[in-house]
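Please take a moment with the sequence and the 3D structure shown here before reading on. The paragraphs below are meant to be read with the structure in view.

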Amino acid sequence: QLQLVESGGGLVQPGGSLRLSCAASGFTLNYYAIGWFRQAPGKEREGVSCITSSGGTTNYADSVKGRFTISRDNAKNAVYLQMNGLKPEDTAVYYCAAYWSTRSYCSIDVARYGHWGQGSQVTVSS
């Protein structure tokens, strides 16, 4: 069974940092593009960042550029999202997701992804 599990969420003060992890089980991530998404209460799920299967290309939403960094370790079958300079508006449930692709471009369109984790809460508040 294909499964993605997020971890690393929590409560952090504005300006702080968190690192989210996404671990896969039941399949290898080597041939999958991975994305991070978030959903705040009352809002639609939105794309945050993605990384190609090779790790050679990344993509970020304008709202997080320069603050968030996505990376992957295929040997560990895991993907990470380093979040720095966190703001209250970053508060949301964060999800990792995957779709099969070996292309040199990745999408942060929710509809593109077929495999989803259960989510991890990130709260930015003083």
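What follows walks through a predicted model, taking up in turn a sheet, the nonpolar cores, the disulfides and the salt bridges.

Between strand 1 and strand 3 the antiparallel pairing runs over 5 bridges, and Ser7 has Ser21 of strand 3 as its bridge partner.

In soluble globular proteins, nonpolar side chains tend to be buried together. Here the largest nonpolar core has 29 residues, and the members that touch the most others are Leu4, Trp36, Phe68, Val79, Leu81, Met83 and Tyr94. At least two residues of this core come from each of strand 3 (18–25), strand 4 (32–39), strand 5 (46–51), strand 7 (68–73), strand 8 (78–83), strand 9 (92–100) and strand 11 (120–124). Leu4 shows how such a residue is surrounded: leaving aside residues up to four places away in sequence, its contacts include Cys22, Phe27, Leu29, Cys96, His115 and Trp116.

A disulfide is a covalent bond between the sulfur atoms of two cysteines. In the link between Cys22 and Cys96 the S to S distance is 2.1 Å, and the torsion about the S-S bond is about 65 degrees, so this disulfide is right-handed. Cys22 belongs to strand 3 and Cys96 to strand 9, so that the bond links parts of the chain 74 residues apart. Both ends are buried, Cys22 with a relative accessible area of 1% and Cys96 with 0%.

The other disulfide is formed by Cys50 and Cys106, with sulfur atoms 2.1 Å apart, and with 80 degrees about the S-S bond this link is right-handed. Because Cys50 lies in strand 5 and Cys106 in the loop between strand 9 and strand 10 (115–116), the pair ties together parts that are 56 residues apart in sequence. Cys50 is buried at a relative accessible area of 0%, and Cys106 is buried at 1%. When the bonded cysteines are numbered in sequence order, the pairing reads 1-3, 2-4.

Which residues are linked in a network of salt bridges? They are Arg38, Glu46, Arg67 and Asp90, in a structure that holds 4 salt bridges. Starting from Glu46, its side chain meets that of Arg38 with an N to O distance of 2.7 Å; Glu46 is partly exposed, at 37% relative accessible area, whereas Arg38 counts as buried, at 6%. Arg38 also forms a salt bridge with Asp90, the closest N and O atoms being 2.9 Å apart, and this pair connects strand 4 with the loop between strand 8 and strand 9, over 52 residues. Asp90 is buried, with a relative accessible area of 1%, and its side chain meets that of Arg67 in a further salt bridge of 2.7 Å, N to O. Arg67, in the loop between strand 6 (58–60) and strand 7, lies 23 residues from Asp90 and is buried, with a relative accessible area of 13%.

Methods. Residues numbered from 1 in each chain as written. Predicted model: local features only at pLDDT ≥ 70, side-chain atom pairs only at ≥ 80, totals over all residues. Heavy atoms only, no water. Core = buried A, V, L, I, M, F, W, Y, C linked by side-chain atoms within 4.5 Å. Buried < 20%, exposed > 50% of the residue type's maximum accessible area, 1.4 Å probe, protein only. Helix = DSSP H or I, 4+ residues; strand = E, 2+ residues; numbered from the N terminus. Contact = heavy atoms within 4.5 Å. Pairing = 2+ DSSP bridges. Disulfide = S-S within 2.5 Å.
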